[in-house]
Amino acid sequence: MKRHASRISPHLEPKRLPDPKRLLDLILGSALLVLASPVLAGAALAVALTRPADGVLVRDYRTGLNGNPFLLSSLRTRRFRLDLLSRLPHVVRGDLSLVGPAPLKFGSAAAAAPWRQLVRPGLTGLAQVRRRSALPWDEAPLLDQHYVEHHWIGLDLAILARTPGALLPAVRVPSATQITGPTATLRRNKWVPSARTD
């Protein structure tokens with residue numbers, strides 16, 4: 001009597017659900033790339049007209065998922081952070097994620113940290129949206145590590161929502177003496193002399 005090896009039918013095998021983080025990168029990354037393409041093309045043309053000696057793009061090797069190196073290409077301009085937008089093709093390809101720790105240069109000591117190699121580096125991250133915080137522990141490596149250890153799709157969406165505001169130039173806030181001083185009053189965002197009361 002022959003013994004038949006038990007096999008599970010391919011149709012009955014449990015299907016792996018797609019990674020929601022990768023789905024977000026593909027869908028939102030592709031949409032952003034389509035929307036940003038005209039602006040990036042215009043910026044690339046403007047940079048090309050200046051005839052930079054090293055070309056329109058900056059290329060160097062960065063450390064990616066599992067410690068694998070990849071060649072990162074960025075537009076040679078930081079105006080309106082177009083250099084970050086020019087990295088969107090890397091998000092669609094899977095070299096980068098929309099959200100993650102900063103992509104560090106391949107071979108650097110910081111890039112060799114085991115926790116960094118567990119996720120794809122990102123265009124933006126917790127360190128970028130918290131960079132103006134006055135808290136003493138808000139150092140980029142600590143924030144990047146915290147993100148890697150606690151990331152989930154909700155945190156990614158929250159970071160993406162805060163990224164545009166974090167990229168804007170810092171706004172100077174008047175000091176307490178300016179706000180409460182007896183010689184000035186804030187009216188419709190303009191400082192005007194206060195009326196004397198003595």
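Trainee: How many nonpolar, polar and charged residues are in the lining of the largest pocket?

Mentor: The classes come first: Ala, Val, Leu, Ile, Met, Phe, Trp, Tyr, Cys and Pro count as nonpolar, Asp, Glu, Lys and Arg as charged, and the others, Gly among them, as polar. In this model the lining of the largest pocket comprises 13 nonpolar, 2 polar and 1 charged residues. The model is predicted, with local features requiring pLDDT of at least 70 and side-chain atom pairs pLDDT 80 or more, whereas totals for chains, interfaces and linings use all residues. Residues are numbered from 1 along each chain as its sequence is written, and side-chain values use heavy atoms, leaving out hydrogens and water.

Trainee: What is the volume of the largest pocket, and which residues are the closest to its centre?

Mentor: Rolling a probe the size of a water molecule over the atoms shows where empty space is left. On a 1 Å grid over the protein atoms alone, a cavity is a set of points where a 1.4 Å probe fits but cannot get out, and a pocket is an open set with protein on both sides within 12 Å along at least five of seven lines; lining residues have an atom within 4 Å of a point. Grid points are joined across faces, edges and corners, and a volume is the space filled by probe spheres set on the points. Here, the largest pocket has a volume of about 390 Å³. Of its 16 lining residues, Leu32, Leu85, Thr163, Pro164 and Leu167 are the closest to the centre.

Trainee: Which helix supplies the largest share of that lining?

Mentor: Helices (H or I, at least four residues) and strands (E, at least two) are DSSP runs, numbered from the N terminus. The largest share, 5 residues, comes from α6. At least two lining residues each are supplied by α1 (20-49), α2 (82-85), β4 and α6 (153-167). The whole protein has 7 helices and 6 strands.

Trainee: How does the lining of the second largest pocket divide by class?

Mentor: The second largest pocket holds about 240 Å³ of space. Among its 17 lining residues, the closest to the centre are Arg78, Arg81, Leu84, Arg87 and Gln128. By class, this lining divides into 6 nonpolar, 5 polar and 6 charged residues. Its largest share, 3 residues, is from β4.

Trainee: How many cavities of 30 Å³ or more does a search of the whole structure find?

Mentor: The search finds 1 cavity of that size, and about 70 Å³ of space lies in the largest cavity. Its lining has 6 nonpolar, 3 polar and 2 charged residues, including Thr63, Gly64, Arg116 and Pro121.

Trainee: Is arginine 116 buried or exposed?

Mentor: Buried means under 20% relative accessible area, exposed over 50%, and partly exposed in between (1.4 Å probe, protein chains only). Arginine 116 has a relative accessible area of 11%, so it is buried. Arginine 116 belongs to the loop between β3 (97-99) and β4 (122-124). Contact means heavy atoms within 4.5 Å. Not counting residues up to four places away in sequence, arginine 116 touches Pro101, Ala102, Leu104, Ala110, Ala111, Pro141 and Asp144.

Trainee: Where is leucine 75 found?

Mentor: Leucine 75 is in strand β2 (residues 69-75). With a relative accessible area of 6%, leucine 75 is buried. Leucine 75 and serine 86 are 11 residues apart in sequence, and their C-alpha atoms are 5.8 Å apart in space.
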